[in-house]
Amino acid sequence: MDPDAIVPAVGRARPAVEVASPLPTQTRRLILGWLGLALGSLVVAGFFAMLAAFARTPVVHTLFSGSQFQLALTSHVTFAFTVWFVAFAGVLWIYVGWRSGYPVSARASWVALALAIAGSAAMAVPAFLASGKPYLNDYLPVIDHPFFWTGLVLLGVGVSLQAAAYLLAAGLAVLAGRRRRDLAESPEGLAMAIGALAVLASAAAFLRATAGVDPAVPFGYALRAVVWGGGHILQFLHVAGMIAGWLVALAVALGAAPRARRVVRLLLATLAPFAVAAGAAYLWWRPEALLVNHLITILTFGGLGVGAVPLLFMAVSAVATAPRPLPWGSPLFGGTIVSFLLFAIGGVIGLIGFTQDTRVPAHYHGMVGAVTLAYMALTPLLLGLTGRRPLSERWARWQPYLYGLGLLGIMAGMHWAGGHGAPRKTFGFSWANAQALIGMNLMGVGSLLALAGGLAFVINMGAPLFRKTR
């Protein structure tokens, strides 16, 4: 065993109610480090979200240019969707590794965290300088600037290293025959192992697509081809992390869990072959072909639908059969319920059909919001484990509902406007009619509520990171 492992290689998985359980020093510090990066990314994302939303709100939009709007939108998505999610995945690999009894290497984890922090800082430079050319690729928009590219590589290497360290620790524990029972008792450990596998498959897809893209293809189109598969495969990480959050929340907040645990493990395991298949597709097809033949899309959304949708129903069933009264004042429980709601609504919007208008971001704001709320719900628990607590318990109780309400306003406004011809990723209102303008104003109101909820979360959970432990 690695002498610097952050958990012992022997012993049982952690109990369901664990707020008072002592964390090893290395584990506590690593959780705080990854959590600090995650919350910092939300600060950056929130700033640019405000600019992007106002630039699409009637009247206010006259204060912005088209170039400023696209830079703000690219930066918002980069930090809200890429950095925030992979940084919180780092938190989960450390926390779930401790909870499940896996000896994750502390040395590898510290190197991974340092690379991720350096990469995120570099990616923020062109955003704040308003320099570089933005490319609004689906799943992974980028800014063509040396600092951004350097940061993206460092972030990718750091997250891949942390994923590999977790996957190795989990695999060695299982092969040693010491954790077979723990895998049954800790399905969140399996979920994060699948998330780690998805990261490595995504990294392989990015590298293979970069090497295989036709040099004669125009730069913007080549970028879309390069990030298409890897960006899709990362969705398996985000969904696995969300499900891990749900499972922890059910265990800790309710003392309950989906009853058919074998079915839970089977559904989680179905995600893995789809993620690997999507990465392996780059061994047979050129990146440009995979951009247009729908194979990656089918593998991604087929795999996520087969695994995640039944797990949602099982999680909701566990809540429905849990003892009353339900703890609606608990941010762990409240945030998880709002996550359920956003995942369901966002999924329905994605199924009812739409073209390339603002109904597309209405759909993915629901899915992204579901993952975000699952992670927000876990944060007070993680603070408690590190000897900290939110600045305000009252803020912690109402914040998930405020943020969720804001996202619902954004989704409703964008869906309404898209149904009346509002194009996505477009600055200005030359296309607008009265119905679309109503929808975009509703989106603006939702953005303000979500911004208030996000700001409350960052302040309430971020400030304690700088306090000494109790």
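What percentage of the contacts between residues at least 6 apart in sequence join residues at least 24 apart? In this protein the share is 84%, where contact means heavy atoms within 4.5 Å. The model is a predicted one, in which local features need pLDDT of at least 70 and side-chain atom pairs count only at pLDDT 80 or more, while totals for chains, interfaces and linings use all residues. Residues are numbered from 1 along each chain as its sequence is written, and side-chain values use heavy atoms, with hydrogens and water left out.

The protein contains 14 helices and two strands; these are DSSP runs numbered from the N terminus, with helices being H or I of at least four residues and strands being E of at least two. Of its 470 residues, 57% count as buried. Buried denotes under 20% relative accessible area, exposed over 50%, and partly exposed in between, with a 1.4 Å probe and protein chains only.

The largest nonpolar core comprises 152 residues. Such a core is a set of buried Ala, Val, Leu, Ile, Met, Phe, Trp, Tyr and Cys residues joined through side-chain atoms within 4.5 Å. Among the residues with the most contacts inside it are Trp34, Phe88 and Tyr166. Helix α2 (residues 66-100) supplies the largest share of this core, 22 residues.

Thr82 also has its place in helix α2. With a relative accessible area of 8%, Thr82 is buried. Apart from neighbours within four places in sequence, Thr82 is in contact with Val77, Tyr139, Leu140 and Leu155. Tyr139 is found in the loop between β1 (133-135) and β2 (142-144). Although Tyr139 is not a glycine, its phi is positive, at about 75 degrees; Tyr139 is partly exposed, with a relative accessible area of 25%.

Two packed helices are described by the angle between their axes and the distance between the axes. The axes of α4 (residues 146-175) and α6 (residues 187-212) come within 9 Å and cross at roughly 135 degrees. Axes here are lines fitted to C-alpha atoms, for helices over the stretch in contact, and angles run from 0 to 180 degrees between N-to-C directions. The two helices are therefore oblique to each other, since angles under 35 degrees count as roughly parallel, over 145 as roughly antiparallel, 65 to 115 as roughly perpendicular and the rest as oblique. Residues of α4 including Ala163 and Tyr166 meet residues of α6, among them Met192 and Leu200.

Finally, a cis peptide bond joins Arg324 and Pro325, with omega about -5 degrees. Pro325 lies in the loop between α10 (295-320) and α11 (331-351).
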